[in-house]
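Hi everyone, thanks for coming. I'd like to walk you through one structure today, so let's bring it up on the screen.

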Amino acid sequence: MMIFSPFERMVGWRYLRARRAEGFISLITWFSLLGIALGVATLIVVMAVMNGFRQELFTRILGINGHMYLSAYAGPLYDYDAKLERVRAVPGIKLATPIIEGQGLITINNTARGIMIRGMKQDDILARTTIASHIRSGSLQNFKDDGIAVGIRMADSLGLKVGDSLTLVSAQSRSSAFGTVPRYKAYPIVAIFDIGMYEYDSSFVFMPMPAAQVFYRMENAVSSIEIFVADQMKVGDYTEAVKAAGGPTSRVQDWQNRHEAFLNTLKVERNVMFLILTLIILVAAFNVISSMFMLVKDKGSDIAILRTMGASKGTVLRIFFLSGASIGVTGTICGSALGILIA
């Protein structure tokens, strides 16, 4: 049995087609439909942009940073080769690489700046497409011995180019006859990368693993093992297995813990944006309700005639409900099509 009878559909449709004397009501109806369509389209487009922005950030952040990190509770991670093999044997692990990560300073032309230094093996950095496929000048084939790679923002701000030398100062000091002095060394620049995120392009320096071990005095040790899993959104499912592979003296940290503040900011921004756009749609819905009130007021005599002819209260209610629902459904369909087309 159909919800609306042919008679109810016929009368409801005729009420949506205003005569000349009812032009104002028709205009309000069209504005209501247009308001819902634009509200739905805006909601879809903005949410699509937010999701795309979120996905792009995740792609870049998780392309240069791992999904999980296995490190020691205190100090460097020793015996990392054996742990690396056990971690790679865990089901669902796509990639696991040893890294050395630490803070440092760069000095050039009497300018000093804090940076993040990351030591990696040449094969490992070549496997990172986020880095290897975004080399602006130079080549990672020369990423060996003491050759380093710097970001395009850092190179532009300091006037650096491939072949120049950059002096790096370690946070660790050394003792001498004149007291404690900082450790520093000049490294030639062999590649300049452009990842597309200011934080990395302006403050990251990649260094070959052997050079980083000497620079940070980590002979036969690394800072941590960087791990990429099959499903980054279910990274917590791998925590116990990776921790077991690392042993009792190891700890595991995932990307959600390391970027918790950033993720919370994105979540709040997304929720607030959704709330604001939903309010816009609610305003358009109230326009439909007001137009229905005006239509009922205008059709008072018609309602009396329908009731006299035997139409029940339910029939009259369904006629006006059908008119209002038609505006809402049509506006939603048009808005969805427009929003999806733009998105």
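Predicted model: local features only at pLDDT ≥ 70, side-chain atom pairs only at ≥ 80, totals over all residues.

Which residues make the patch? They are Leu-27, Phe-31, Leu-34, Leu-38, Leu-338, Leu-341 and Ile-342, and together they form a nonpolar surface of about 710 Å². Two elements, helix 2 (23-64) and helix 13 (313-342), each supply two or more of the patch residues. Take Leu-338 as an example: its place is in helix 13, and with a relative accessible area of 35% it is partly exposed.

Now please turn to helix 11, which runs over residues 260-298. With 39 residues, helix 11 spans 57 Å from its first C-alpha to its last, close to the 57 Å expected at 1.5 Å a residue. Several of its side chains are buried, among them Leu-263, Leu-277, Val-288 and Met-292. The buried set in helix 11 also includes Ala-284 and Ser-291.

On to the charged pairs. How many salt bridges does the model have? The count comes to seven.

Here is a local one to start with. Arg-88 pairs with Glu-85, with the closest N and O atoms 3.7 Å apart. These two sit three residues apart in helix 3 (residues 80-88), so about one helical turn separates them. Arg-88 itself is partly exposed, at 38% relative accessible area.

Next, a pair that reaches across the sequence. Arg-118 forms a salt bridge with Glu-226, and their closest N and O atoms are 3.4 Å apart. Because Arg-118 lies in strand 4 (residues 111-120) and Glu-226 in strand 11 (residues 224-229), this pair ties together parts that are 108 residues apart in sequence.

Glu-226 has another partner: the side chain of Arg-128 meets it in a salt bridge at 2.3 Å, N to O. That pair also links distant parts of the chain, as Arg-128 is in the loop between helix 4 (122-127) and helix 5 (129-132), 98 residues from Glu-226 in strand 11.

Are these residues buried or exposed? Arg-118 is buried. Arg-128 has 2% relative accessibility, so it counts as buried, and Glu-226, at 0%, counts as buried too.

Let me finish by putting the pieces together: Glu-101, Arg-118, Arg-128 and Glu-226 are linked in a network of salt bridges.

Technical notes:
Residues numbered from 1 in each chain as written. Heavy atoms only, no water. Patch = residues over 30% accessible without salt bridge, like charges linked within 9 Å, V, L, I, M, F, W, Y side chains within 5 Å. Areas by Shrake-Rupley, 256 points an atom, 1.4 Å probe, with all protein chains shown as cover. Salt bridge = Lys/Arg side-chain N within 4 Å of Asp/Glu carboxyl O. Helix = DSSP H or I, 4+ residues; strand = E, 2+ residues; numbered from the N terminus. Buried < 20%, exposed > 50% of the residue type's maximum accessible area, 1.4 Å probe, protein only. Expected span 1.5 Å × (residues − 1).
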